[in-house]
Amino acid sequence: MWRLLFGLLLGGAALRVVAALLLLRDGWDFAGPRLVFVVPALVVIAAGYGVWVRPMLRSPAGEGRVAAWPGDYWAAMVAAGVVLVASAAQLVGTGGAAVTGVGVLGIAAVGSVWRRARWCRRSAGRWWRTAAKGALGAALAAAVLVGWSTASQLPARSSMTGSPVDTGGSTIGHAHHGGISVTTLTGTDTAGVPARRFTLTAQAATVELDSGQRVEAWTFNGVTPGPQLRVRQGDLVEVTLVNQLPGVGVTLHWHGVDVPNAMDGVAGVTQDAVPPGGRFVYRFRATQVGTYWYHSHEMSSVQVRRGLFGALVVLPADAPEQSDAVDETVLRHTWIDEDGVASLGVTTGAQRRQVPAGRQVRLRLVNTDGNPATFTLTGAPLRVVAIDGTDVHEPNVLHGVRILVGGGSRYDLAFTMPDQPVVLRADGPTIVYSPDGNAGPGRESPAPALLDPARYGTPAATPFGAASHVDRRFTLRVDERLGFYDGRPAVRYTLNNRSFPDVPMLMVAPGDLVEVTYVNRSGQHHPMHLHGHHMLVLSRDGRPTSGSPWWVDTLDVGPGETYRVAFRADNPGIWMDHCHNLEHAANGMILHLGYAGITTPFQTGHGTANHPE
């Protein structure tokens, strides 16, 4: 049994070495940490077998000695844990070096404990040796864990001004100089009387789902999702945020809207979080037609999940005041609950809608969660007319569709209502559209083909193509690892082996054409959201996109996938670029895009009121 156990351990470690070697195509800085972790583990496994287990198995009978007592067994295992923890610490950018010395002591302790634990007399008077060895191993392990936890604490105050930078292989001057504050970047056309004024008040409320479950939610104006804001292209929009939540700050971020930087609503980067009893006024020109949404960007991994979000729809300037067409925004959300209750709005089951046959229908699908959600529509020919607020060029007709909508993304569907039910399913909750409004979801039909946005629609010219001169190129390698983050055990999410606030800022100059490659070598989806800009997807896994130009502000990068995107640096400021699985962002998957010469007076950290994720 022992031989089998150690054989499995060695085999598993060897497979991890092979996997790391295969990742060398992405560079040593990506594969190296995996090997750094495996090598000490192999040493411990081999030493444990050779020094401790093998002699125990070959113990000669009748010598008055027995194999190590259970106490010695646990002492040896704890000491081995010291080595593994210390080697794992080398994977951590913050605090890894501080643990190395303790790790060396752990290695020495392993040798000592295992040598002395090989044999133990039957005499009860020797029990204290085993206890002492166990206590030593436990103390060393505790010292490593406490040291590692302490070393991983984030700074009490951190500012994007003065952070390390990556210039994409090209020189750039005065990266953190010039004195242009983000607070002055309010836009050049935001003066005058607003065409649309709204007030959103953050407050606590009890929300009852259709299932009868009651959620202690945080809401805007007492409802969640918050009020839908509908404006027209060209409108000057003014939104006053009032915070009536006790003990927590709030902001408003306009997800997917390329607002001026001062209006982006990121606590600690573009503003201070609005304190309880406070207010903040956002003003911006609605220049982009499409489906967007808003949410708090203070403690967003908690506040969005608890209900601080809503839809923002920008209609064309010439859209009619009255129309018979059905235009519905569908927000899918998973509420805080031990089972993770998924809903469309506050409905977890089936909803019914009456839509006369022949009526034009537009469904605006929004995934407010971090994980991808599958939306399926059957019963009518349809087109996918927009992705992340940007129209699809000459979209093809589909006879039913299944769409994997990444966290934070939006897809708009359009169809003519037939004389039969049309069913929209969203991983559980359902909406049924029918001429009489009484149809149920019925039996689920075979799933339609999964939409591939890289191949859908008709090709068209873009502002920059293959022949364009690229000013800056960046590669972001996405990964995950076990460890400590900010003093607590966590799955730590990294970009180029670093976590916030140690990830260098991507530094650009106004007018630059920027190319970014996302490489996901983790086992999870990471919806990468760049604030203030839309990205054109150029290729996936080395294959160029071939359909309509695919513009996104939130790109879901699946396990093992590689995407190459490009954007024009045409909106000066300091912008977050983070995973919109907000739990991942809260555990380190954040970086920033900065323009040379732009600074911020705001800070994040435990010593401030600002905690953007």
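How many cavities of 30 Å³ or more does a search of the whole structure find? I got four. A cavity here is a set of points on a 1 Å grid over the protein atoms alone where a 1.4 Å probe fits but cannot get out.

**Ground rules.** I am working with a predicted model, where local features need pLDDT of at least 70, side-chain atom pairs count only at pLDDT 80 or more, and totals for chains, interfaces and linings use all residues. Residues are numbered from 1 along each chain as its sequence is written, and side-chain values use heavy atoms, with hydrogens and water left out.

**Overview.** I counted seven helices and 35 strands in the protein. These are DSSP runs numbered from the N terminus: H or I of at least four residues for helices, E of at least two for strands. The protein has 613 residues, and 54% of them count as buried. Buried means under 20% relative accessible area, with a 1.4 Å probe and protein chains only. I also looked at contacts, meaning heavy atoms within 4.5 Å. Among those with a separation of 6 or more, 77% join residues 24 or more positions apart.

**Largest cavity.** I read off about 60 Å³ of space. That volume is the space filled by probe spheres set on the points, which are joined across faces, edges and corners. Lining residues have an atom within 4 Å of a point. They include Ile387, Asp391, Tyr456, Trp550 and Trp551. The lining divides into seven nonpolar, two polar and one charged. Ala, Val, Leu, Ile, Met, Phe, Trp, Tyr, Cys and Pro count as nonpolar, Asp, Glu, Lys and Arg as charged, and the others, Gly among them, as polar.

**Cores.** A nonpolar core is a set of buried Ala, Val, Leu, Ile, Met, Phe, Trp, Tyr and Cys residues joined through side-chain atoms within 4.5 Å. The largest has 77 residues. Leu377, Phe415 and Leu424 are among those with the most contacts inside it. Strand β17, residues 373–387, gives the most to this core, with seven residues. I then found a second, separate core of 28 residues, which includes Phe198, Trp254, Tyr292 and Val314. Back at Leu377, I listed its contacts beyond four places in sequence: Phe415, Leu424 and Pro448 are among them.

**Asp264.** Where is Asp264 found? I located Asp264 in the loop between β9 (253–255) and β10 (279–285). Is Asp264 buried or exposed? Asp264 counts as buried because its relative accessible area is 1%. Its contacts beyond four places in sequence include Trp254, His531 and Trp575. Asp264 and His531 are 267 residues apart along the chain, yet their C-alpha atoms are separated by 7.9 Å.

How values were computed
1 Å grid on protein atoms, 1.4 Å probe; cavity = no way out; pocket = protein on both sides within 12 Å on 5 of 7 lines; lining within 4 Å. Buried < 20%, exposed > 50% of the residue type's maximum accessible area, 1.4 Å probe, protein only.
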